[in-house]
Amino acid sequence: MKIKFDQVNKTYGSVSALKNINFDIEPGEFIFIVGNSGAGKSTLLKLILSQVKSSSGDVVIDDIFLNNGDKKDIDRIRKKIGVIFQDYQLIPDKTIEENINISLDIVEFPKDQILSKIEDVIKKVDLLDRRHHFPAQLSGGELQRAALARALAVEPRIILADEPTGNLDLDNTWNLIKLLKDINENEKTTIIMTTHNMDIVDSLNKRIIKVENGEIIEDKKEPEKKSKNNSSKKI
């Protein structure tokens, strides 16, 4: 699904969160959105997710205008977007399997395929032995992999990852990034990730959109492949 921001502004009362935002994201890209806290990164994701609407300008996904498009079309777009958050946002009194099941119910996934889909995504993130555990019984890395499994279950064409490594240790951070990279490369899923961690950004050599005070100050396209010796860590 192609994403287009065309002269987008977003204000909250007297606060200007985003100013004249313009960019396109092609299907299958891997994008990092970087910037300080309060720069506007999360607002960009909320606009893509239709959690908020732009104050002016247009956010367009697959030729659907999210500000004033038909509700059925917008709901269809939303069902093809998976989301993972820094704080996981798993339902605490539901097992990992049940959390995934709820997401599948929301997108009206065929009921006769739900169990096989749950098994598939739990296996993909290496949590088969934790499927009947509750969130409180999992480590931070396991929680984020469970959240990724939930996002993958709906067969998304876009994954929004909002500071997904913020609560993870180093090993779990790189494990999650490798999973996202593999999903992007093998399934051609668009990944849009906000992060403060420039080691992650430098490791992948992907497109970088830098936001400062609600404005895009740099849009650096994916560079040519470099020698592996140019970075301290490559995935």
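Predicted model: local features only at pLDDT ≥ 70, side-chain atom pairs only at ≥ 80, totals over all residues.
**Ground rules.** I number residues from 1 along each chain as its sequence is written, and my side-chain values use heavy atoms, with hydrogens and water left out. Helices (H or I, at least four residues) and strands (E, at least two) are DSSP runs, numbered from the N terminus. I call a residue buried under 20% relative accessible area, exposed over 50% and partly exposed in between, with a 1.4 Å probe and protein chains only.

**Entry 1, the cores.** I looked up the nonpolar cores, each a set of buried Ala, Val, Leu, Ile, Met, Phe, Trp, Tyr and Cys residues joined through side-chain atoms within 4.5 Å. The largest has 42 residues, and F32, I100, L148 and L180 touch the most other members. At least two residues each come from β3 (30-34), α3 (96-106), α4 (114-124), α5, β7, α6 (170-187), β8 (190-195) and α7 (198-204). The largest share, eight residues, is supplied by α5. For L148 I listed the contacts (heavy atoms within 4.5 Å), leaving out residues up to four places away in sequence, and found I84, V125, I159, L176, L179, L180 and I183. A second, separate core holds 31 residues, among them F5, I77, I158 and I192.

**Entry 2, aromatic rings.** I counted two aromatic pairs in the structure. Rings of Phe, Tyr and Trp (its six-membered ring) pair if their centres lie within 6.5 Å, and planes under 30 degrees apart count as stacked, over 60 as edge-to-face and the rest as tilted. F5 and F23 are stacked, at 4.5 Å centre to centre with 20° between the planes. F5 belongs to strand β1 (residues 3-12) and F23 to strand β2, so this pair ties together parts that are 18 residues apart in sequence. F5 is buried at 1% relative accessibility, and F23 is buried at 6%. F30 and F32 make a tilted pair, at 5.2 Å centre to centre with 50° between the planes, and both of these residues are buried. I also noted that the charged end of K10 sits over the ring of Y12, 5.0 Å from its centre; for this, NZ of Lys or CZ of Arg must be within 6 Å of the ring centre and within 35 degrees of the ring normal.

Which residues of α4 are buried? I found I114, K117, I118, V121 and I122. They cover an arc of only 125° around the axis, which puts them on the same side of α4; the arc is that of the directions from the helix axis to the C-beta atoms. On the other side of α4, L115 and K123 are exposed. The buried residues of α4 pack against α3 and α5.

D126, which follows α4, has a positive phi near 60°. N20, in strand β2 (residues 15-25), has phi near 50° and is partly exposed at 48% relative accessible area. E155 has phi near 55°, lies in the loop between α5 (140-153) and β7 (158-162), and is partly exposed at 38%.
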